[in-house]
Amino acid sequence: MTMDKTLKKALEDLEFHTVLQQLSARCNTVIGKEKALAIVPFEEESEIRNILGQTSEYLSSFINENRIPNHGFEPIHAELQLLRIENTTLEISGFSKIGTICKTITTHKKFFKKFKEYYPLLFETSEGVEENKEIPKHIDDVIDRFGEIKDNASDTLQSIRRQINGVKGKISQSFSAALNTYHGSDYLDDIRESVFDNRRVLAVKAMYRKKIKGSVMGSSKTGSIVYIEPEATLRHSRELNNLEFDEREEIQRILNRLTALIKPFTPELTEYQEFLAHIDITAAKAKYASEMNALLPRFSEDRSMFLRDAYHPLLYLNNTLKNEKTFPQTIELHPENRIIVISGPNAGGKSITLKTIGLLQVMLQSGLLVPVHERSKVCLFDTILTDIGDNQSIENHLSTYSYRLKNMKSFLRKCNENTLFLIDEFGTGSDPELGGALAETFLEVFYERGAYGVITTHYSNLKLLANELPHISNANMLFDGKTLDPTFQLVLGQAGSSFTFEVAQKNGIPYSLVNKAKKKIERGKVRFDATIAKLQKERSKMAKTGSRMQEEESKAREEAARLEKLNAKIKSKLENYQELYDHDQRMVHLGNKVDKVANKYFQDKKKRAMVSELIRIVETENSKRKKKSAKEDKAERSKKAQVAQEVQKEVKVIRQKKKVEKKKAVLKEKNIPRPVFKIGDRVRMIDGKAVGSIHSLEKGKAVVNYGMFTTNVSVDQLELVERKK
C-alpha cells in the first residue's frame, strides 16, 4: 500500500500509531523499537501472508517445548559507518558487539534448521542469511570474553606484558623494602601507605618529608601527610610507563589489523543486523498477539470477510488492565453483501465497531495478528478510505461539512472494487434533507463501483436504500427497549431506531414537550421509527435463538465428523485383524500338514518320501504367493508385526481384566468382603507375587512401597496379606 495522504489519514483515524507504540514497547532492541514505529501496510499479498505466517510460527513457540533462542543484540550502526571509511579503527567494545551478533546468527540458523518442520517460514528467512564463522574467530583470537586484548594476540604484546609483569614485581619488592626500612622510625603516618595516581606511595608525616628519599607525589587535604614514591620504586615506575606506552601502541596495531580483516564483511554484518531486527519485531508481534489472544485467521478465496467475535485491540488491552469486560462484534462482508449501514442511538458503540473493522484490517495488512475467533476469515484491500471522528479543519479554515465534502471528492476518485471505505455519521454537517440526499447519491456511486464498506448514520433514506439494493444490508447496535441501555452488540439485517423521543423522556424532558414535538413531524415518520424499534426487539429474540441453534448444529457436525473418523479407524483395524487371523489360520493349516509328514517319517523312516512331500507342500504354498519386491515384502512384514503387537497388547489387557474379575467373583462366592486397606498394611497385586506395604491412600488409589521402588495402583487390584501390627 503506497503511503499517500489517504492512507496516512486512515492510519490516524484508526489510531494505528498507538498500536505501533505498544508494539515498539515490546521490542528488545533499539533498532527493533525504531523499525516497529515505522511499520505501514504491505502492498503484496504474498508478503503479507509470509509476515503473518512468521508471526504465527513465533507465537506457537510460546506454547511448545522448542523455544526460539534469545535474539537480543546491541546496534552496530556506528561500527558499520566506520568500516566503510578508509584507515579507521574500531574500539574493543565494537568488536565485542560484532562477535555477539555473528554468534547469535549462527545460533538462530542452527535452531531453525533443526526445527524447520515447526517453523518453516522462519527457517526459509534464516536460509537467506549466510553464516560467517571467520569474523567471530578473528575476534576471539584477539579479544577474550571479558572484553580484554589477549596476551597471545601477538608475539610482541606477549613479550611486552611479560616485561610489564616483571617490572611490576620489582616495583612491589622495592616498595616493600622501603616500607620495611622506615617501619621502625616515626616518619610514617598510621596508615603507612596509600595509592596516588595509580601508584603505591608512602604516607609520610609532613615534618619528616625531607628524611625520605624519593619523589613527592602530593599531600592530604589538611597537609599533615605527604605522599612520597621511594627512589628505588621511582626508577622502575619510569620503566613501567615506557612499557605501558609500548603496550598501547601494540594494541592499536592489533586493532588496526583486526579492523582490516573484518572490513570486507561489512555487507554481511549489515544484513545480520537487519535479520535480527526483523526477528525482534516478529517476537514483539507474537508477544502482542499473546496478550490480546490474537491469531492468524483464514484467507478467503471468494473475496469475503467474516470477523467473528472481533475485539478492538486498544480497547481490549485497556479494559483488561482495568478488569472490565470488552464486548466483541461479529460482522460479515462478501460479494452478495458488500456494504453495511449501521444505525441506532448514540453511545451504542457504532463508531467503535467501525474502528474495530478498520484497525483489524490495517493491522492484518501490516503483518500483525488480530483478536478474532479462529473460524473468522479475511480478505485484502488495495485502498482503505476513512472518515471518522472530528472532521473540522482549523488550519484549512474549513467547516465540518466542507471538510467532509473534500473527503468525499477523494473517495469518489479512488473508490473501486478493491476498496474498503469506513464513514462515521455519513451525511451529517448540513441540512438533514439535503445532506441526506447527497449522502444517498454518494452511497449509490460506491455501490455501483463494487466497493466494500461500512457506514453509520441516522438518516432514514440511507436505511431505506440499504433495504432496496440487493448487495447492501442494514445493521443496528442493539439497545434494551425497556431500559434504553446499550448492549454493545451489532445485529445484521435490520435498521435500528434512534429512540429519539424515548431517550429524551428518559433524560427528564417533560412528556408534554415530547408529545408536542411528535405532533410537529409527520405521523408516518413516528410510526416508521416505532415499527423499527419493535422489529429490533423481535430481532434480538430471534438472534439469541438462532445463535443457540447454530452452536448446536456446529457441535452436531463436529460430533458426526469425529464419529466418521472413528468409524474409518475401527474399519481399518478390523481389516488388519482379519488379515492377521487369516494369516494365522493358514499357518496353523500349514503346520498341521508338516506335522502329518513328520509323524509319517517317524513311523516309516522313509527320508526320500518325506523330502518329496515337503517339496510338494512348499511348491503348493509358493504357487499362492505373489511376487513382491524386497521393499514391499519388508513393509508388509512390518505392518503384520505392528498389528500382531497391538493385538497382543489388547489381549494382555483383556486377560488382566478377566483375571481381576475372576478373583472378585471368587471372593464374592466365598462371601469374603473387600478389605478396607489402611496405611502400613502388607499387600500384593491380585496377579502378582511381590509383597509390599501401603505408603499412602487417596481416592481409590494406593502408593505401595516394595523397598527398592514404589508404585501407584488401584485398591481393586490389591489383596491383603497382613494387617499393620
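In this predicted model, Arg303 lies over the face of Tyr452, at 5.6 Å from the ring centre. A charged end is likewise placed over a ring at Lys605, which sits over Tyr601 at 5.8 Å from the centre of that ring.

**Aromatic rings**

- The whole structure contains 11 aromatic pairs. One of them joins Phe112 and Tyr119 in an edge-to-face arrangement, with 6.3 Å from centre to centre and 80 degrees between the planes.
- Phe112 is buried, because its relative accessible area of 0% falls under the 20% limit for that class. Tyr119 also counts as buried, at 0% relative accessibility.
- Both residues belong to one aromatic cluster, which consists of Phe111, Phe112, Phe115, Tyr118 and Tyr119.

**Nonpolar cores**

- The largest nonpolar core has 95 residues, and those touching the most other members are Phe16, Ile98, Leu269, Tyr288 and Met363. Helix α11 (residues 266-291) supplies the largest share of this core, with 12 residues.
- Another core lies apart from it and has 21 residues, including Phe442, Phe446, Tyr459 and Leu462.
- Which residues does Met363 contact, leaving aside neighbours within four places in sequence? They are Phe16, Val19, Tyr288, Met292, Pro313, Leu368, Leu369 and Val370.

**Helix α12 and its cover**

- Helix α12 spans residues 313-321, and its buried residues are Pro313, Leu314, Tyr316, Leu317 and Asn319.
- The elements that cover these buried residues include α2 (16-25), α11 and α13 (350-365).

- Arg161 belongs to helix α9, which covers residues 155-181. Is Arg161 buried or exposed? Arg161 is buried, because its relative accessible area is 15% and the limit for a buried residue is under 20%.
- The side chain of Arg161 has a polar contact of 2.7 Å with the side chain of Asp151. A polar atom of the Arg161 side chain also lies 2.7 Å from the backbone oxygen of Ile149.
- Beyond residues up to four places away in sequence, Arg161 touches Ile149, Lys150, Asp151, Glu247 and Ile251.

- Ile31 is located in helix α3, residues 30-37. Ile31 is buried, with a relative accessible area of 4%.
- How many residues apart in sequence are Ile31 and Glu274? They are 243 residues apart in sequence, while their C-alpha atoms are 8.7 Å apart in space.
- Not counting residues up to four places away in sequence, Ile31 touches Phe73, Pro75, His77, Gln273 and Ala277.

**A hairpin of two strands**

- Strand β1 (residues 188-196) and strand β2 (residues 199-205) run antiparallel and are joined by 5 bridges. Leu188 stands opposite Val204 in β2.
- The two strands form a hairpin with 2 residues between them, and Asp197 in the turn has a positive phi of about 55 degrees.
- In a regular strand, side chains alternate between the two faces of the sheet.

**Positive phi values**

- Most residues other than glycine have a negative phi.
- Asn87 lies in the loop between α5 (77-83) and α6 (92-114). Asn87 counts as exposed, because its relative accessibility of 77% is over the 50% limit.
- Asp309 is in strand β6, residues 305-310. Asp309 is partly exposed, with a relative accessible area of 30%.

**The chain as a whole**

- The protein chain contains 21 helices and 19 strands.
- The chain has 725 residues, and buried residues make up 39% of them.
- Among contacts in the chain with a separation of 6 or more, 68% are between residues 24 or more positions apart.

How values were computed: Residues are numbered from 1 along each chain as its sequence is written. This is a predicted model: local features need pLDDT of at least 70, side-chain atom pairs count only at pLDDT 80 or more; totals for chains, interfaces and linings use all residues. Side-chain values use heavy atoms; hydrogens and water are left out. Helices (H or I, at least four residues) and strands (E, at least two) are DSSP runs, numbered from the N terminus. Buried means under 20% relative accessible area, exposed over 50%, partly exposed in between (1.4 Å probe, protein chains only). A polar contact is a pair of N or O atoms within 3.5 Å; within protein, one must be able to donate a hydrogen and the other to accept it, and residues adjacent in sequence count only if both atoms are side-chain atoms. Contact means heavy atoms within 4.5 Å. Two strands pair if DSSP finds at least two bridges between them. Rings of Phe, Tyr and Trp (its six-membered ring) pair if their centres lie within 6.5 Å; planes under 30 degrees apart count as stacked, over 60 as edge-to-face and the rest as tilted. A charge sits over a ring if NZ of Lys or CZ of Arg is within 6 Å of the ring centre and within 35 degrees of the ring normal. A nonpolar core is a set of buried Ala, Val, Leu, Ile, Met, Phe, Trp, Tyr and Cys residues joined through side-chain atoms within 4.5 Å.
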